[in-house]
Amino acid sequence: MARLLGTPAAPGIAVGPAWRYRPRGASGVPVVAVGSRGEAELRIRRAADAAAAQLQVLAAQLRAADRPGDAEILEAQALMAIDPAIVDVAVRLARGGMAPVEAVLAAAETSAQVLAELDDPLLAARAGDVRDVAVRVARAMSGAQLELPDKPSIVVAEDLPPSLLAEIPAGLLLGLALSSGTPTAHVAILARSLGIPAVVAVPDLLDSVRGAAVVAIDGENGHVEVNPAPADLQALADRQAVRGAHARAAAALRGRPAATLDGQRVALLANIRSPDDATRALDAGAEGVGLFRTEYLFLRRHSAPSEAEQTAEYRRAMEAFGPSRPVVIRLADIGGDKSIPYLVHADEPNPFLGVRAIRLGHDSRELLLTQLRAIWRAAGQAGVTPHAMAAMVATIADVELLCGLRDEARAAVVATGSACPERMITGAMIEVPSAAIMAPELARLVDFFSIGTNDLTQYVLAADRGNPSLAGLQDALHPAVLRTIAAVIAGADAAGIPVAACGELAGDPAGAIVLVGLGVDELSAEAGSLDGMRAALMGVSGAQLRELAARALAATDAETVRAYANEVLGAGL
Ligand code: PEP
Ligand code: MG
């Protein structure tokens with residue numbers, strides 16, 4: 001028996017026989033014999049088209065199953081399959097005498113390497129997509145069959161192509177354990193959306209799972225047990241039963257407004273990346289959108305979306321939520337860990353401390369103006385009051401810049417004679433310590449604050465949020481972060497503006513109750529987290545939360561705060 005500890009990527013417990021996925025790289029896909037070089041080119045182009053068509057079929061199935069977010073991943077892969085950066089390069093390599101399968105894999109590898117080297121973990125994770133697509137094209141050329149598990153299994157691999165995950169028939173995929181990967185890789189995103197427990201970055205996984213092993217995974221704490229003893233299996237089954245009961249009880253509260261036992265209301269909103277996420281958010285009981293991460297509209301493209309395209313996307317989101325549920329549109333948070341290749345700024349040695357988000361308003365004014373015009377237009381068309389905010393606000397001048405761009409964009413829309421609302425509810429994300437320190441002054445200039453706890457933690461503790469070796473420092477429950485949040489709330493209260501929190505801490509039940517205890521008015525998180533947050537809040541009183549917050553502020557480390565919060569949660573269950 002071996003007990004391993006990886007990174008939690010999708011919650012839930014699963015036990016079953018291991019099915020090892022072994023990728024067929026350059027050596028695994030049969031070499032195709034070809035005649036002339038012209039024939040090689042034809043084969044490559046036909047195989048690329050065939051792979052793109054397969055991916056479109058899979059994407060259509062996901063759309064039909066009401067999983068548009070997942071479908072998008074495969075649609076993007078379909079585009080990669082026919083991307084000239086891969087196909088034309090492969091054709092050139094084949095013309096130079098390389099075997100067609102190898103040419104495709106080599107061309108894709110070059111593209112993948114470029115992505116893998118980017119600082120941005122999201123884009124770097126796309127390297128896996130490119131390799132996945134290349135193997136699919138190579139398979140289409142060689143006629144090799146895709147191997148899939150034949151009984152319900154825990155899939156164990158170094159990495160798993162997202163399209164393969166989508167192809168494993170429902171019921172045969174019990175869980176996923178990967179020796180590499182990150183929670184932001186597409187395969188992890190898909191696992192979460194399928195409700196499949198997953199653990200990634202598990203050290204020694206492949207050496208430990210040999211032959212006919214049984215594997216148990218706990219996607220909540222990152223535990224992977226290989227050939228667990230009967231007593232461990234029983235303990236897992238007990239844990240699974242308890243969590244299942246909690247999840248069912250929490251889901252039963254859906255539709256009820258979140259409030260503490262003594263009636264303190266807390267608005268629960270959803271974080272979205274695209275209007276396609278609206279249905280899930282509404283089904284989960286979201287009272288609006290607290291964070292629309294619009295930079296995702298700029299990813300997987302060769303140029304920025306036009307004003308008309310953006311208007312259509314924002315309008316779709318606004319119409320899905322209607323006039324009484326706000327959709328807070330965050331201006332593209334480009335830079336830092338989300339560099340967009342066609343908008344890359346000068347090579348920055350420290351992108352997280354570089355030209356990011358609202359700072360683009362100086363050199364890339366038109367980018368933010370276009371977004372703001374699209375937001376005004378969308379709101380005019382949808383008949384709602386728009387809500388917008390900027391990330392990375394550090395100074396009063398940043399907010400002045402935001403408000404100036406907002407007003408300039410409105411004047412431009414009004415000048416075209418289009419319908420345009422009177423005002424835009426305008427907010428500042430508080431995720432930089434200087435903004436927290438200046439909160440009393442900033443609060444007089446905006447309509448609301450939204451605390452980005454992910455970046456606030458990174459900047460307060462000076463720990464790169466993408467660096468796994470600093471994982472221990474990246475805990476937003478650290479009292480230094482909580483004391484900063486308390487100062488932000490005091491500044492907002494003095495000016496009478498509401499405070500929301502939209503980082504990962506808000507979606508963690510322990511974090512949610514600490515934040516509300518500190519005085520946060522609204523919480524915004526992934527749709528899948530809303531049940532747990534609601535249940536946590538409905539089991540506690542305002543007095544308990546205030547006492548918890550006071551103890552948390554007096555603590556000296558994050559572990560102690562978590563223990564306090566878990567005590568309160570345990571008492572409320
Ligand atoms: C945050 O920093 O907490 C936040 C919500 O923004 P993002 O994670 O997109 O940087
Ligand atoms: Mg942030």
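1. Residues are numbered from 1 along each chain as its sequence is written, while chains are lettered from A and ligands numbered from 1 in the order in which they are written. Because this is a predicted model, local features need pLDDT of at least 70 and side-chain atom pairs count only at pLDDT 80 or more, whereas totals for chains, interfaces and linings use all residues, and side-chain values use heavy atoms, with hydrogens and water left out.

2. One sheet is open and has 8 strands in the order S1-S8-S7-S3-S4-S5-S6-S2, with mixed pairing. Here helices (H or I, at least four residues) and strands (E, at least two) are DSSP runs numbered from the N terminus, and two strands pair if DSSP finds at least two bridges between them. Strand S1 (2–5) and strand S2 (7–10) are the edge strands, each of which pairs on one side only, and the twist from one strand to the next averages 30°.

3. Trp 19 has Val 155 in S4 as its bridge partner, and Ala 18 stands opposite Ile 154 in S4. S3 is also joined to S7, by 5 bridges, and these two strands run antiparallel, with Ala 14 opposite Ile 217 in S7.

4. Helix H7 (residues 186–194) lies across S2, strand S5 (173–178) and strand S6 (198–200), and runs at about 55° to S2. Helix H9 (residues 230–252) lies across S1, S3, strand S7 (214–218) and strand S8 (223–226), and runs at about 125° to S3. For such angles, axes are lines fitted to C-alpha atoms, for helices over the stretch in contact, and the angles run from 0 to 180 degrees between N-to-C directions.

5. The other sheet to consider is a closed barrel of 8 strands, S9-S10-S11-S12-S13-S14-S15-S16, with parallel pairing. Its neighbouring strands are turned against each other by 25° on average, direction ignored. Strand S9 (residues 267–272) and strand S16 (residues 522–525) run parallel and are joined by 4 bridges, and Ala 267 stands opposite Glu 522 in S16.

6. The axes of helix H17 (residues 453–460) and helix H18 (residues 479–495) come within 10 Å and cross at roughly 115°. On the H17 side, Thr 453, Leu 456, Thr 457 and Val 460 take part in the contact, meeting Ala 480, Val 481, Thr 484 and Ile 485 in H18. By class, this contact has 5 nonpolar, 3 polar and no charged residues, where Ala, Val, Leu, Ile, Met, Phe, Trp, Tyr, Cys and Pro count as nonpolar, Asp, Glu, Lys and Arg as charged, and the others, Gly among them, as polar.

7. Around ligand 1 there are 15 residues, of which Arg 293, Arg 330, Gly 452, Asn 454 and Arg 465 come nearest; a residue is near a molecule if one of its heavy atoms lies within 4 Å of it. An oxygen atom of ligand 1 is 2.8 Å from an N or O atom in the side chain of Arg 465, and an oxygen atom of the ligand is 3.0 Å from an N or O atom in the side chain of Glu 431. For Gly 452, a backbone N or O atom lies 3.4 Å from an oxygen atom of ligand 1.

8. Asp 83 is placed in the loop between helix H2 (68–81) and helix H3 (84–95), and its side chain reaches the backbone nitrogen of Ala 85 at 2.9 Å.

Definitions and conventions: Contact means heavy atoms within 4.5 Å. A polar contact is a pair of N or O atoms within 3.5 Å; within protein, one must be able to donate a hydrogen and the other to accept it, and residues adjacent in sequence count only if both atoms are side-chain atoms.
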